[in-house]
Structure formats: C-alpha cells, structure tokens
Amino acid sequence: KTIDSLGDLRGKRVLVRSDFNVPLDGTTITDDGRIRAALPTLTRLAEAGARVVVTAHLGRPKGSPDPQYSLAPVAARLGELLGQDVVLADDVTGDSARAVVADLADGRVALLENVRFDARETSKVDGERKELARELADLADAFVSDGFGVVHRKQASVYDVAELLPAAAGDLVLKEVESLSRATTDPERPYAVVLGGSKVSDKLGVIANLLTKADRLLIGGGMVFTFLAAKGHSVGSSLLEADQVETVKGYLEQAEQNGVEIVLPTDIVAADAFAADAAHRTVPADAIADGTMGLDIGPESGELFAAKLADAKTIAWNGPMGVFEFDAFAGGTRAVAQGIVDATAAGAFSIVGGGDSAAAVRALGFDEAGFSHISTGGGASLELLEGKELPGLAVLAD
Ligand code: 3PG
C-alpha cells in the first residue's frame, strides 16, 4: 500500500518510521545520506497538510535514555534540509511526545526522541513490543513505514505499529524495494555481485543464495582472507575467520558445480600495522608475509574486478574492498566504484548496498548519479539479496 491509499491527509497526524541511524563524530553527522533519503516522503506528507510525527533510532542504546544517542543532531539537520524548525520531543511516547504532537500544526514535522531509549522497542516479548506500539499508535491517525534500513527488524516502531493503524509504505521504501527487486527477481545477465566488508560470517546467507542466482561473485575486503585461506594460501596476520574456512571451501566447490565464477584478488596491499601511515607494499595474493596484514586489494585486482564488471547488465555491490578510510588502502574500493560507474554508463543496472559502501562512494568523491541506486539499507538490503522475507515489508502487504 502506498501513501495514496491513506486518502486525504490534511490535518491528520501521520507517524513516519524513518531510518536516521547516521554516523556521528561527537554530535557532528559525518554522512547525512539517510536523512536526505527521507526527505521525499516527509516533504510530500507536509505538503499534503499532514502533521508529521517521525520516529527513528540512533545506534544501539541499552533501552534507556543515553545522551550520546540523542536524535538532537538529526533534528537540527532535518530542520535545515526541510527548511522548517523540527521540534524534538524529549521522550519516545511520554508527556513531552504527547505535548509536541498536540502542538503540531498542519504541514509541520516533529521528531520523537530515539525510540530505542525504550526497551520495549527491541523486546523479543510480543506483548512488550505491542504495548509500545499502542502508545506510538495513540499519537497518530496513520502510519508510514519509510525506514528501509530497519525493515528487517521485527521491532515495535517498524512492525507492530503497522498492525494498529492504517499503514502504507513510504516513497523511499518503495524505491528501495523496486530497485533491489531488479537484482533479486530475474536479473538481466550477466549478473555480477561484488562483496566486501570485514566478516564473511555476516554474509554467509547472502553468499549461499547468490551461488544459485549470480553469474559472478567478486570478493574483496577483510572477508577475502578467509577465501584465500580456503584456497590454501597463508594470509599473515590479515583478518581471518578460521572457523569459516571449511564453509568457504564448500562455497568454492558449489560455485564450480553451479557455473558461478568466483573472482578473487590476485594481489593485495599488505601493511605492517592497521594504521593510516603504516608501511605497506603490494604482494601477490598467495604471498602475504607473516607479520603483515592485507588492508586492500591491489591495483592488478582492481583492474581485474573492473574488467569483470564491464559487460555486466546487473551489478550489486555490498562492502568496501579495503580500509578506504585510510588513503593508502582506498585504491581497491575506488577501482570497483569506478568500474561500476563505467558499467552503469554502458547500460548496466547497478545497486550499491550497505552503509559502508554508500559512505565510501561519497567519501571517495563519486557522483551518486553514476550508480542506478544507492541503498540506504545495510542489513536490510543484504537480507533482500539473501531472498528473505522482511517483517517490516510483510506487515505492510498483509
Ligand atoms: C542500520 O544501520 O543498518 C539500520 O539502521 C539498522 O540498525 P541496527 O542494525 O542497529 O538494527
């Protein structure tokens, strides 16, 4: 159901779940991509004359108020972007929240304090979550689910509240689902997937599913060392999940059986320490010396990966190729991003998923328009690629 299904919203209180889980340095937002992505829905509701009450989380506070996770910086930035003051309630559903909502004029937007300051939000006990959902529902006449990054969470403000109010998917959620569906449902081929990030254990489900769906899997990032170890190479002191080596060996065999090409780096940038100014050199991927750690894929691998992307018609990318935050180890991520931009210009449909890859794209100065879709979802986009049913989406379809 879309926002249109909610009918005339003038004067109605609309509760919107957004994902404002942005990276912070103290109280400074270092990447406001998720806030900007929320604007189309919020602007549309405000222009329709709704009284917009936004609920969101930030970080993982322990179920009670914690100033370091306050949404105050988000309220300020959201106000700047919307061009109106956004009042932040001091609590989630308490006296302050009720007063802020009661004072809200048509077309105005207010934000409730971090919903994870209330332990019931993430409770595994249905009744506890439903109690908080009821309090949230009492603040509104309708619910719009627009926090794509949290639709994989069965939480009160994502899932349970949608059962209590007329509910619809917001524009961001619709755009995300439509874009990701182009990769998950009958992708145009060749379909190439680039996976990086630190841990292979975070990506087991997605790899297993892609071994039946993708044509090529390009692997980089910290997780690649478990693949190199599975190939019998020594990886020095690189990140290694020794307990996953056997699983990865199974994946390599299954890929061969299924005709899925697994592309691993041929060279690695190995450093003496995990530091921006660490001494480093490029070595063959099967010759990482003891006492050194791989922090990026090498330049030859960057070229290889770009070549493997050049003729792809569908591309999904999740996870940086190296420690892109350090200049010396950003080359692999840059090469992959450029390869995807070039393939997109040549007609591929490309999706960048995962907070880190999206942040990398922006931090490395790429124009977002060079990619077909930059997802705001980390875990959520991975779970869609994994073929799972996401509770926050299923509840809207019911
Ligand atoms: C994210 O950052 O991926 C989402 O905001 C979900 O956050 P969570 O992993 O803490 O639930």
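1. Asp 186 counts as exposed, because its relative accessibility is 70%; here exposed means over 50% relative accessible area, buried under 20%, and partly exposed in between, using a 1.4 Å probe and protein chains only. You will find Asp 186 in the loop between helix 5 and strand 9. Helices (H or I, at least four residues) and strands (E, at least two) are DSSP runs, numbered from the N terminus. Phi of Asp 186 is near 50°, a positive value in a residue other than glycine. That is worth a look, since most residues other than glycine have a negative phi, and most peptide bonds are trans.

2. A word on the model before going further: it is predicted, and local features need pLDDT of at least 70, side-chain atom pairs count only at pLDDT 80 or more, while totals for chains, interfaces and linings use all residues. Residues are numbered from 1 along each chain as its sequence is written, and side-chain values use heavy atoms, with hydrogens and water left out.

3. Pro 190 sits in the loop between helix 5 and strand 9 (191-195). The peptide bond that leads from Arg 189 to Pro 190 is cis, and its omega is near 5°.

4. Now to helix 5 itself, residues 171-184. Which residues of helix 5 are buried? They are Leu 172, Val 173, Glu 176, Ser 179, Leu 180 and Ala 183. These cover an arc of only 140° around the axis, so they are on the same side of helix 5; the arc is that of the directions from the helix axis to the C-beta atoms. As background, an α-helix has 3.6 residues a turn, so residues three or four places apart point the same way.

5. Helix 4 (residues 126-137) can be read in a similar way. Its twelve residues should span 16 Å at 1.5 Å a residue, and the distance between its end C-alpha atoms, 16 Å, agrees. Arg 129, Leu 132, Ala 133, Leu 136 and Ala 137 are buried in this helix. Their arc around the axis is only 140°, which puts them on the same side of helix 4. What do the buried residues of helix 4 pack against? They pack against strand 1 (13-17) and strand 4, where contact means heavy atoms within 4.5 Å.

6. In helix 11 (residues 355-363), the buried residues are Ser 357, Ala 358, Ala 360 and Val 361. Seen down the axis, they fall within an arc of 155°, so they line one face of helix 11. Their packing partners are strand 15 (314-318), helix 10 (331-345), strand 16 (349-353) and strand 17 (373-374). Just after helix 11, Gly 365 has a positive phi of about 85°.

7. Arg 362 also belongs to helix 11, but with a relative accessible area of 25% this residue is partly exposed. Setting aside neighbours within four places in sequence, Arg 362 is in contact with Asp 31, Gly 33, Arg 36, Glu 368 and Ile 374.

8. The ligand deserves a visit. Around it are Asp 19, Asn 21, Arg 34, His 57, Arg 60, Arg 116, Gly 149, Val 150 and Arg 153, each having a heavy atom within 4 Å of the ligand. A polar side-chain atom of Arg 116 is 2.8 Å from an oxygen atom of the ligand. For Asp 19, a side-chain N or O atom is 3.1 Å from a ligand oxygen, and for His 57 the distance from a side-chain N or O atom to a ligand oxygen is 3.1 Å. The protein covers 86% of the 310 Å² of accessible area that the ligand has on its own, by the Shrake-Rupley method with a 1.4 Å probe.

9. Lastly, look at Ser 70, in the loop between strand 4 (51-55) and helix 2 (72-82). Is Ser 70 buried or exposed? Ser 70 is buried, with a relative accessible area of 14%. Its side chain reaches the backbone nitrogen of Ala 72 at 3.0 Å. Not counting residues up to four places away in sequence, Ser 70 touches Leu 58, Leu 88, Glu 113 and Phe 117.

How values were computed. A polar contact is a pair of N or O atoms within 3.5 Å; within protein, one must be able to donate a hydrogen and the other to accept it, and residues adjacent in sequence count only if both atoms are side-chain atoms. The expected span of a helix is 1.5 Å times one less than its number of residues.
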